Amino acid sequence: MKKLHKPNKRLLLSQLLWKKRLDKQQLPHAGYMGNGGDIHLVLGVEGAGISHFVQLLSQALPENHYIHHPLVKFEPKLTLSNHGERLAMPYQKVLTADNPMSRVYRIYAERAQAEKKFDLMAEDKPSDPDPTLILKESHALLATEALVRELKCHTLLYVSDPVLLAEQMFSREGMETSYLDFESEAVMDPTFLKRFLAKDLRPVLHAYKVIQRLRSSRQRQVQMKIFTIALIQYMFRMLAARYPELATLVDAAVIENDPRRLEFPLVNWLGAENLHSASRVIANATFTPQGQETLRWTRSWPESITTFEALSSKDVKLAYKLLIEHHLMSDESKRKTWAGKSVA
């Protein structure tokens with residue numbers, strides 16, 4: 001198990017300068033007044049699936065306010081790490097109110113509140129419901145638990161096939177992408193492992209050793225990224241179980257062939273009073289084939305694609321073998337993907 005170093009002076013200085021720039025651009029109390037409960041987060045490893053999910057939301061519920069990659073877009077630019085990817089963080093269970101990331105998310109809530117229109121002369125008139133603030137983010141994922149605890153925000157955790165996510169990542173950004181490099185070290189930190197895998201560390205530690213013993217540096221890189229994605233998503237599943245009132249899990253494998261199974265997660269995430277919104281999302285994106293009663297997605301869910309370009313057949317077979325044998329993937333149908341189909 002690896003032990004990460006504590007934040008170094010360079011990072012602390014960078015964040016201190018960021019706070020000074022922020023306080024100069026905005027008021028000193030910016031990021032302390034926003035209500036985290038007004039925020040609806042969509043978190044997940046970057047890929048076509050989570051983007052497709054948010055697209056379905058925006059098409060069915062266009063009245064809401066959507067912001068993609070709020071940490072990336074925020075100015076002044078935020079630095080959470082000095083290890084390549086500036087928005088990477090080690091596992092966090094607690095964030096203080098003055099943590100830069102806490103302040104950034106609260107600032108988005110403050111801005112949304114400031115944009116609301118109040119008509120004091122129209123108290124007796126029925127008013128339209130306020131738009132929901134929906135933030136989609138794929139960075140600093142290991143700080144998810146701390147965000148949920150600190151902000152009390154409504155958080156939807158999107159999980160998908162780790163191998164397909166890695167294929168999308170490498171195809172999009174190239175094999176030398178720095179995305180999840182820092183997390184590949186952080187998931188082997190004792191703090192993370194004890195928090196989420198304390199009952200039985202042996203399978204994960206064995207999988208890590210197998211990966212580190214691979215002869216090819218490319219194979220080690222590929223398998224470690226897939227392994228990291230699987231561990232992040234394992235964390236998501238644990239958090240959804242530990243914080244059922246705030247964290248909701250959407251599993252692409254569950255909803256891909258049964259659109260109705262998306263309704264409960266949407267209601268749990270948006271609130272029971274928004275059952276009609278959940279129904280709109282599903283109705284807007286599905287159809288009933290002639291002569292059948294089951295719903296089908298109008299557009300195929302991205303995870304249904306099983307062609308590989310960046311990853312080789314050897315990469316794919318080894319990845320599924322490692323994940324299934326070490327209890328990080330229980331979907332037996334995936335055996336058919338790599339054992340029964342040819343991959344490029």
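**The salt bridges and their surroundings**

Modeller: Lysine 136 and glutamate 46 are both buried. Buried means under 20% relative accessible area, exposed means over 50%, and partly exposed is in between (1.4 Å probe, protein chains only). This is a predicted model: local features need pLDDT of at least 70, side-chain atom pairs count only at pLDDT 80 or more, and totals for chains, interfaces and linings use all residues. Residues are numbered from 1 along each chain as its sequence is written, and side-chain values use heavy atoms, with hydrogens and water left out.

Lysine 136 and glutamate 46 form a salt bridge, and their closest N and O atoms are 3.6 Å apart. Lysine 136 belongs to strand 3 (residues 133–137), while glutamate 46 sits in the loop between strand 1 (39–43) and helix 2 (48–60), so this pair ties together parts 90 residues apart in sequence. A salt bridge here is a side-chain nitrogen of Lys or Arg within 4 Å of a carboxyl oxygen of Asp or Glu. Helices (H or I, at least four residues) and strands (E, at least two) are DSSP runs, numbered from the N terminus.

How many salt bridges does the structure hold? It holds 13.

Another of them joins aspartate 315 to arginine 218, with N and O 2.7 Å apart. Aspartate 315 is in helix 14 (residues 313–325) and arginine 218 is in helix 10 (residues 217–242), so the bridge ties together parts that are 97 residues apart in sequence. Aspartate 315 is buried, at 0% relative accessibility. Arginine 218 is partly exposed, at 31%.

A further bridge joins arginine 103 and aspartate 23, with 3.1 Å from N to O. Arginine 103 comes from helix 4 and aspartate 23 from helix 1, so parts 80 residues apart in sequence are tied together. Arginine 103 is buried, with a relative accessible area of 2%. Aspartate 23 is partly exposed, with 29%.

Now follow arginine 103 into its helix. Helix 4 has 15 residues, and 12 of them are buried, so the helix is mostly covered. Arg103 is among the buried ones, along with Met101, Val104, Tyr105 and Ile107. From its first C-alpha to its last, helix 4 reaches 21 Å, close to the 21 Å expected at 1.5 Å a residue. That expected span is 1.5 Å times one less than the number of residues.

Helix 6 (residues 162–173) can be read the same way. It has 12 residues and reaches 16 Å between its first and last C-alpha, close to the 16 Å expected. Nine of those 12 residues are buried, so helix 6 is largely enclosed by the rest of the structure. Pro162, Glu167 and Phe170 are among the buried residues of helix 6.

Go back to helix 1, where aspartate 23 lies. Leucine 16 is in helix 1 too (residues 9–25). Leucine 16 is partly exposed, at 43% relative accessibility.

Next, the stretch leading towards helix 4. Histidine 69 sits in the loop between strand 2 (65–68) and helix 3. Its phi is positive, about 55°, although histidine 69 is not a glycine. Most residues other than glycine have a negative phi, and most peptide bonds are trans. Histidine 69 is buried, with a relative accessible area of 19%. Proline 70 lies in helix 3. Proline 70 is buried as well, with a relative accessible area of 0%. Its C-alpha is 18 Å from that of glutamate 145, which is 75 residues away along the chain.

Further on, the peptide bond from glutamate 75 to proline 76 is cis, with omega near 0°. Proline 76 is in the loop between helix 3 and helix 4. Lysine 93 is in that loop too, between helix 3 (70–73) and helix 4 (100–114). Lysine 93 is partly exposed, with a relative accessible area of 33%.

Lysine 152 lies in the loop between helix 5 (144–151) and strand 4 (154–159). Lysine 152 has a positive phi of about 55°, although it is not a glycine. At 48% relative accessibility, lysine 152 is partly exposed.
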